Structure formats: structure tokens, C-alpha cells
Amino acid sequence: MKYKNQSQSIMEKSNEDNLIKIRPELRNEGFYGLAGKAALFLCDGFRALPELVTLSLLARIAASINKGNVIVKNGAQSTELRLNALLIMRTGGGKGMGENRAQLLIERSKLFAESDDESSPLFARVHEGGLSTTEGIVNELRDDYLGKNGEIVHGNADKRLCVIEEEFASIFIKCRSNNSNLSSTIRKLFDGANLSPLTKHDKISCTNPHVCIVGHITPKEFLDEISGKDLFNGFSNRFLTVLGIPKAVIPFPKALNEATVNELSVQMADAITWCNSEQRTLEMAECFKKLWAVG
């Protein structure tokens, strides 16, 4: 029975890999800046994929920048920095390892933050329990509200949050439920819109949410669960979707150079501090505009 289960597992992995006709590979330009440099270092001699670690870092960074503090200008339009990522990789391929590498750098960076004020942390909270319902999300980021006896119940002043959803297939299933408004809520979160669900008791709301989501899913689950509705109602295009091809097993992972970890962590803390020190506007470079116009 043991060997039968092992054989079945190997066949499932092989079948998922065969779903991929053209294997993607990120060019070196994709590892631009501090996040890319850190990801390449964290994954050197380790099974985690630098492409996925880069995305996980970017989601945590975007969530940590105060809402509206850094915007991208495109003519008359202004876009706040927020990033949702959907990481596609077969089970056991290293998605969790990538999240751990990204979080390792964030936790180390907290040690080098200029302020140790718990009421105003440098980095956004990371919630690894996944997404549940609109009410659950609003409760996590709720505003102050009046209790049953007229008392003020304090909410959460920090509306920044990075959510890690390791079972994103369940989100597609929940969104298809007739009585679920989770799809609409996730779209509103990406847009930075206020949330105020209709409830009979303890009416709560969340103003100015700033939430980034990182989802994990296998190739088979993705193909089985995504629907035409997800593609056309704006849900799927609010996620940067990336396919990861697992590395070969590394029996003896390379140890991290602690001095380099500390150096990158200081740079990360300094970057977030700089972003949150005053409002800033990112402009498109002329070379970027040319590429954007072609696309």
C-alpha cells in the first residue's frame, strides 16, 4: 500500500508538470531592485524559487507602504501601490519555502526599524490564516464602533494587511457560492474601497483598507476551479498570476550568510521608512512609456 501511494503521488506530480506546454522563465531584468536582489540571495543553494520569493516580498512591501503615500501617475489617472499575487505550483514544489524566505527577511528587517512603537509598526501585519468571509475581513480591519450599551469599541487603526491564502482553490469555490460576496469584497480591497457589510447585529465597517493578498494553488486546481466569470468580472486580473516550475531537490541546502541578511534587512527597513516619510509620486520613464504603448 505504501509503494502504491508513493507511485500515485509521483504520477500526479508528473501529470501536473505535463499540463505546462511552454515553461516560463523570468529574465534577469525581472529581478530588478532590492526585492529581486534579496530573492536571488535567499534562494541561492535553496529550493525556493526566486521568482515566487520576489512576488511574496513585493506583496509584503506594498502592504507596508501607507495607503496613498506612493502613487503611480499615468496622465490624469493615479494608482495606489497594491499587489495581489497568485502563485501556481504543484504540491511539494516549494511555495511554502518561498513564503518562509520572504518572511525571514521581513522579520529581520523589523529589528532595524528606526521606530519600535508597537502602535505604528514599520511593516504591515501578515495574516497566514487565509481569507474566510467579508465579515471576517472587515472584523480584522474594523473601525471604532458603538457597542450594545453605547460604549465605544475600538477597532484597528492600522488598515495595512498582507494575507497569505495557501488554499486558494477554496476561494474560487466560496466565490461561486450563491450567498457569498467574497469575490466582490476581494475586488473592492484591491481598489482600496471602503467595506460595510449588511449585518443585523454589531454593525461594523472598514474605511481605507490597504490589503495585499498572496494565494497558493496547484496547476490542476487552477484549471479546475477558475471560471469564465472570474476571468470577465475583474477578479482574476486583480491578481498577478505566476507559474512556478519546481527546482530539483537540494539534499544539502546552502547556509545563509548572516552578514548579507543583515545588510539586506537594513536596506529593506530604510526603503519602507523612506516611502512612508512623505507622499511620493512615481512617473513613467520615457523608455517605459514606449513599451507600455506597444502593449
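These legends go with a few close-ups of a predicted model. Local features need pLDDT of at least 70, side-chain atom pairs count only at pLDDT 80 or more, and totals for chains, interfaces and linings use all residues. Residues are numbered from 1 along each chain as its sequence is written, and side-chain values use heavy atoms, with hydrogens and water left out.

View 1. Of the 295 residues, 41% count as buried, meaning under 20% relative accessible area with a 1.4 Å probe, protein chains only.

**View 2. The largest nonpolar core, 27 residues.** Such a core is a set of buried Ala, Val, Leu, Ile, Met, Phe, Trp, Tyr and Cys residues joined through side-chain atoms within 4.5 Å. Phe-168, Ile-217 and Phe-235 are among those with the most contacts inside it. Helix H7 (182–191) and strand E8 (210–217) each supply at least two residues, but H6 gives the most, with five.

**View 3. What surrounds Phe-235.** Setting aside neighbours within four places in sequence, Phe-235 is in contact (heavy atoms within 4.5 Å) with residues including Ile-171, Cys-175, Arg-187 and Asp-230.

**View 4. An open sheet of three strands, ordered E2-E1-E10.** Pairing is mixed; two strands pair if DSSP finds at least two bridges between them. E2 (77–80) and E10 (280–282) are the edge strands. E1 (residues 70–74) runs parallel to E10 over three bridges, and Ile-71 sits opposite Thr-281.

Technical notes: Buried < 20%, exposed > 50% of the residue type's maximum accessible area, 1.4 Å probe, protein only. Helix = DSSP H or I, 4+ residues; strand = E, 2+ residues; numbered from the N terminus.
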